[in-house]
Every structure is written in C-alpha cells, then in structure tokens.
Amino acid sequence: MTDFEALKTAIIKGKRNDVTAIVSAAIEQKEDVNKLLDLGMIPAMREIGDKFSRNEAYVPELLIAARAMQSGLALIEPLITASGRKAKGKIAIGTVKGDLHDIGKNLVAIMIKGAGYDVIDVGVNSDIAKYEAAVAQGAQVVACSSLLTTTMPYMKEVVDHFKPKGIKVIIGGAPVTQAYCDEIGADGYSDDANGAVKLLDKLFA
Amino acid sequence: MTGRERFLNQMNGGAFDRSFNMEFGYWDENFTEWKIFAENGIKNNAEADAFFAFDKIASVGSEVWMHPCFDSEVVEHHQDYDVIINSDGVICEVQNTGHASIPHFLKSVITTPDDWKKVKEERFRLDDPARIPDIEALKTRHPAGRDYPLGIWCGSMIGKIRDMLTFEGLAYAAYDYPEMVEDMVETCCQLVEQSLDMLLPHFQFDYASGWEDICFRSGPLVTVEFFRDVVMPRYKRIRRKLDQYGIKLWYIDCDGDVRPILPYFIEGGVNCLFPYEVNSCAHPGEILDAYDGQMKIMGGVDKIRLAAGREEIRKYLDSLVPYVERGGYIPFCDHRCPPNVPEDDYLFYLDLKKRMFGLKD
C-alpha cells in the first residue's frame with residue numbers, strides 16, 4: 001500500500017532519495033500510476049506552489065521540490081505512456097527574442113509540468129519561428145517571458161502572429177503587467193509561476 | 001555645504017541644504033541612441049556624470065573575490081550569441097549583437113565539495129599578494145581634505161557565490177552540501193575582513209557598500225533560513241569593524257523583492273538599499289515607513305515610470321517628496337536607465353528632480 005501522504009511530504013521537502021524509494025516500491029507493488037500522480041506528485045507541487053504564492057516558500061524551495069518530483073516522474077514516465085494518460089495540454093514556453101534571462105521561464109515550466117501539462121521549452125532568445133516549431137509539434141498555448149523593458153515589445157509581435165491562427169498567448173516577467181497584457185491583446189498574464197498554472201487551468205477548462 | 005557634508009547629513013539624520021544629486025548610470029545603448037550623448041561625445045557613465053554635473057561620490061576597495069579569475073574565453077560562436085566560459089568559471093551564452101542582456105548561465109565548474117576545495121586553494125587564498133591595496137596611491141587619489149563622500153567596498157557574502165555556482169546550482173548546493181556553501185560564505189567574509197583591516201585605518205570613510213543581487217521578483221534566491229543563519233552572522237562581523245571606524249551607512253545593491261530578508265539585513269547591520277528596484281519590490285516609501293530610521297534608500301525612482309511620460313514622472317516624484325524631506329533617502333533611477341526611456345523625458349526628470357529637491361529655485 002503506497003503512502004501518498006509520505007510521497008507528497010517527501011516532494012515538498014525536496015527529499016529525492018525518499019521519493020525514489022517510495023515510487024520504486026509503488027512500482028514494485030503495481031500501484032496505479034494515476035494514483036501516484038493524482039494523490040502524491042501533483043498535489044505536492046500544487047501545495048508548494050500555493051506556499052510560494054503566499055510567500056511561505058521561495059524559489060529555492062520550488063526548485064528542490066521540482067527536482068524531487070522529477071526523480072519520481074522519471075521512474076514512472078514509461079508507465080504513464082503505457083497507461084494512455086493524456087496531459088492536460090501542451091504548452092510552448094520561452095524567453096522572447098533579445099532576452100537571455102531564464103530563471104522565471106524555468107520556474108513556470110517546472111510548475112506547469114508539475115501540474116500535468118506537457119511542456120516544450122523553446123529556450124531563451126526565442127523568435128516567432130521557435131514558437132512556431134513548437135506549435136507544429138502540437139503546442140496549444142504559447143507562453144512568453146521577458147525580464148527587460150526593451151524586449152517585452154516582442155511579445156506583441158508574438159501575439160499578432162499567433163492570434164489569427166487561434167493559438168493562445170500568455171505572458172509574464174518582471175516588467176510585464178496585466179495592463180500590458182490587455183494593451184497587446186494577449187490571452188493572459190500571471191505575476192508568478194503558480195499563477196501561470198491557474199491561468200492555464202482556466203484557459204483549458 | 002560640501003557634497004560630502006550634504007551626503008553625510010542627508011543619510012545620517014542631519015540638516016541638508018538640498019538633496020545629493022546623483023544617478024546610477026545608463027545602458028550601453030543609451031550612449032549611441034540618445035542624441036544628447038552622441039552629439040556631445042559622451043561614451044560612458046563617468047563622462048555622463050561629469051556632463052550632467054552630478055555630485056561626486058567615490059569608493060575604494062581591494063580584491064575580495066576570486067583571484068586569479070578563470071580565463072574568459074569563447075568556446076562556441078553562433079550567429080547572434082557566443083558560448084563562453086566567464087571569469088567566474090561559468091559556462092554561459094552571451095549575446096554578440098550589442099544588445100544589453102545578462103548572460104544565460106548554463107553550468108558551473110563547481111558542483112561538489114572537491115571542486116570547491118580545489119578552487120578555494122587556487123583562487124581564494126588570503127595570502128595572495130594581489131589582495132594588498134596600494135594605500136599611498138589611494139591616498140593620493142582621495143586626499144583627506146576631499147569634499148566628496150568616499151566609500152569602502154565590503155564585497156558580497158552570497159551574491160558572488162550565486163554567480164559562481166549559477167542560480168540553480170546554488171539552490172541545489174545549499175541543500176545537498178550546506179557545509180560547502182557555508183564555507184564559501186565564510187571565505188568571502190574573511191576576505192572582506194582582511195580588506196577592511198588593511199584599509200580602514202588609513203581613511204575616514206563616509207559609507208560602506210556591497211553587492212548581493214540575491215532576490216528575484218518572487219523573493220530571495222536562497223531560503224530565508226539560510227540567509228538568517230549563514231549570511232547574516234557574517235554581516236554582523238563586518239558591521240563590528242565598520243562601527244570601530246564610525247561608518248554609519250552601509251548599503252547593499254540587491255535587486256528584486258528584498259522584503260523577506262530585510263529584517264536580517266538590518267540585524268546584520270546593513271542599513272541602506274541601493275539602487276532599490278521598485279518594480280520587483282515596492283514603492284520606496286513602503287520600506288522607509290516600515291523600517292523608519294533603520295533602513296534607508298539610495299535610488300528607488302521607478303524606471304518603468306520614467307518611460308511612461310511626463311505626467312507619470314511628475315506624479316512619481318511627487319510621491320517621493322516626504323521621504324526626501326525626512327532624510328535617509330536620495331532619489332535616482334532604480335537601476336541603469338534603459339534606452340526605452342525617451343531622452344527628452346529623462347532630461348525633464350533630471351530638471352524636475354532639481355526643482356523639487358532644492359537644486360534649482
């Protein structure tokens with residue numbers, strides 16, 4: 001019998017050896033992989049994300065938890081594929097052209113992956129062609145990050161490119177605001193990584 | 001009143017005739033894109049400071065970080081970026097298109113205690129002769145009767161370690177090898193203490209300065225507990241030395257939302273933020289009100305507002321008036337001014353700042 005609460009706690013505290021041990025034992029016992037995800041891993045990331053939003057946890061705690069989750073996820077990925085479980089959606093994420101910052105982008109990628117979305121990380125300094133390539137691989141939403149006031153105008157070019165094609169574009173980053181999102185006609189904005197998950201849940205509802 | 005007297009009084013609770021007038025500088029692009037710089041042959045921040053006749057402020061220090069540094073070299077060349085090993089030993093991507101952006105850090109050469117042991121022995125030696133400052137040359141450059149404020153450099157206790165390990169690398173190392181990271185912080189502290197011992201007896205410094213950049217928009221890049229238990233006690237050691245020589249003001253350059261670790265800056269003896277990035281934290285008044293007298297600010301003029309037109313600039317400067325009048329606050333752009341600020345609006349801002357804060361009738 002898998003102790004899902006122990007799995008959750010191990011992820012939140014970043015104890016990847018404990019996560020590996022619990023997940024390995026669960027695989028041995030032929031535990032339902034959906035239960036591992038839905039009762040252990042995804043709620044753990046949701047809880048650390050909520051703590052992050054409430055300023056009870058910060059970036060290092062998120063990273064450590066995500067690394068622990070990843071160590072468990074790596075063990076069950078073949079089983080997830082075999083089970084036919086579908087991701088909640090597929091997201092292309094990148095830092096826009098001219099901008100090499102990736103801390104915020106990586107955090108959002110971690111959180112949305114932890115929430116059950118497939119993520120295509122197109123990296124930093126991403127022009128429209130890079131996002132387009134991800135859309136060709138099935139991405140339904142394009143997520144753009146920018147840390148610089150000088151690079152965020154490129155987000156409008158991304159919005160103008162994808163909007164007529166029915167691909168949604170969401171934006172974030174230090175200088176970005178809801179007002180800027182409204183101004184360029186993007187489909188959503190979040191001021192933190194956990195909010196990005198909630199935004200996507202709304203878009204896919 | 002000299003600039004030195006004005007600075008000391010404004011930041012330490014005395015009377016001042018007008019606000020100390022300074023700016024942090026500009027992006028490289030401003031020097032080519034702004035007509036006022038291009039037409040007047042202004043090519044760097046020092047020349048811009050002289051051109052605008054800002055009040056002089058200076059700082060001295062000795063080598064308190066890795067020495068010798070790694071040889072910086074390009075390992076891959078691409079159309080719009082290069083992959084390099086930087087002087088901290090981090091493999092990173094940097095744009096080669098001339099646009100300003102911090103590097104995209106990929107990997108550090110230090111991931112284990114064995115890596116650190118080797119780098120520490122080779123590059124962090126306390127007895128490295130290159131760490132000894134040339135006191136006489138510094139005295140010639142900054143004579144005792146100077147009329148401008150002179151600061152002493154107190155380095156970084158954790159920010160440079162973040163640079164050396166990368167952001168993710170520090171998060172993982174602090175969890176996987178806490179003793180190694182604490183030894184890194186201790187090494188930084190010993191290097192700064194040694195530097196202070198060599199410099200403090202020879203000058204009458206007006207302030208101390210440091211750099212961390214250890215916060216992100218979402219808060220600190222190390223856990224609050226790590227900052228409290230590992231970093232803050234080292235600040236206390238440095239503060240004790242500054243106190244022995246009557247240095248009251250100690251600013252730290254730390255962008256991002258510093259609020260979660262602010263109590264520990266204060267407990268450690270840091271009492272000023274510079275250049276205090278507003279957009280990632282809060283209006284400077286929030287900090288100055290919450291920590292009245294305990295925390296001061298240099299900077300805090302929101303660069304986003306500077307790009308939002310004259311009415312926004314005026315409204316923002318209006319909101320700063322009570323804090324400038326109270327003392328303990330010198331207003332200037334909250335980082336290097338970016339090129340998306342229209343130069344005419346920037347000149348309007350400089351002029352308005354002078355009118356509002358006593359430089360012009």
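Two residues are in contact if their C-beta atoms, placed from the backbone, lie within 7 Å. Before we start: this is a predicted model, where local features need pLDDT of at least 70, side-chain atom pairs count only at pLDDT 80 or more, and totals for chains, interfaces and linings use all residues. Residues are numbered from 1 along each chain as its sequence is written, while chains are lettered from A and ligands numbered from 1 in the order in which they are written.

**Exercise 1. Work out what share of the contacts in chain A with a separation of 6 or more comes from residues 24 or more positions apart.**

Step 1. Take the contacts in chain A with a separation of 6 or more.
Step 2. Pick out those between residues 24 or more positions apart: they account for 73%.

**Exercise 2. Describe the secondary structure and the dimensions of chain A.**

Step 1. Helices (H or I, at least four residues) and strands (E, at least two) are DSSP runs, numbered from the N terminus. Chain A has nine helices and five strands.
Step 2. Along the sequence, the pattern reads α-α-α-α-β-α-β-α-β-α-β-α-β-α.
Step 3. Now compare the radius of gyration (taken over C-alpha atoms) with the globule rule (2.2 Å times the number of residues to the power 0.38). Chain A comes out at 17 Å, close to the 17 Å the rule gives for 205 residues, so it is as compact as a globular protein of that length.
Step 4. The C-alpha trace of chain A spans about 50 × 35 × 30 Å along its principal axes.

**Exercise 3. Find the residues that touch the most other members of the largest nonpolar core.**

Step 1. A residue is buried if 20 or more other C-beta atoms lie within 10 Å of its own, exposed if 12 or fewer, and partly exposed in between. In chain A, 55% of the 205 residues count as buried.
Step 2. A nonpolar core is a set of buried Ala, Val, Leu, Ile, Met, Phe, Trp, Tyr and Cys residues joined through C-beta atoms within 7 Å.
Step 3. The largest one holds 168 residues, and A65(A), A92(A), I112(A) and V142(A) touch the most other members. Helix α4 (residues 59–83) of chain A gives the most to this core, with nine residues.
Step 4. Zoom in on I112(A): leaving out residues up to four places away in sequence, I112(A) touches I91(A), Y117(A), V119(A), A196(A), V197(A) and L200(A).

**Exercise 4. Locate N55(A), whose phi is positive, and say how exposed it is.**

Step 1. Phi of N55(A) is near 60°, and the residue isn't glycine.
Step 2. N55(A) sits in the loop between α3 (33–53) and α4 of chain A.
Step 3. N55(A) counts as partly exposed because it has 14 C-beta neighbours inside 10 Å.
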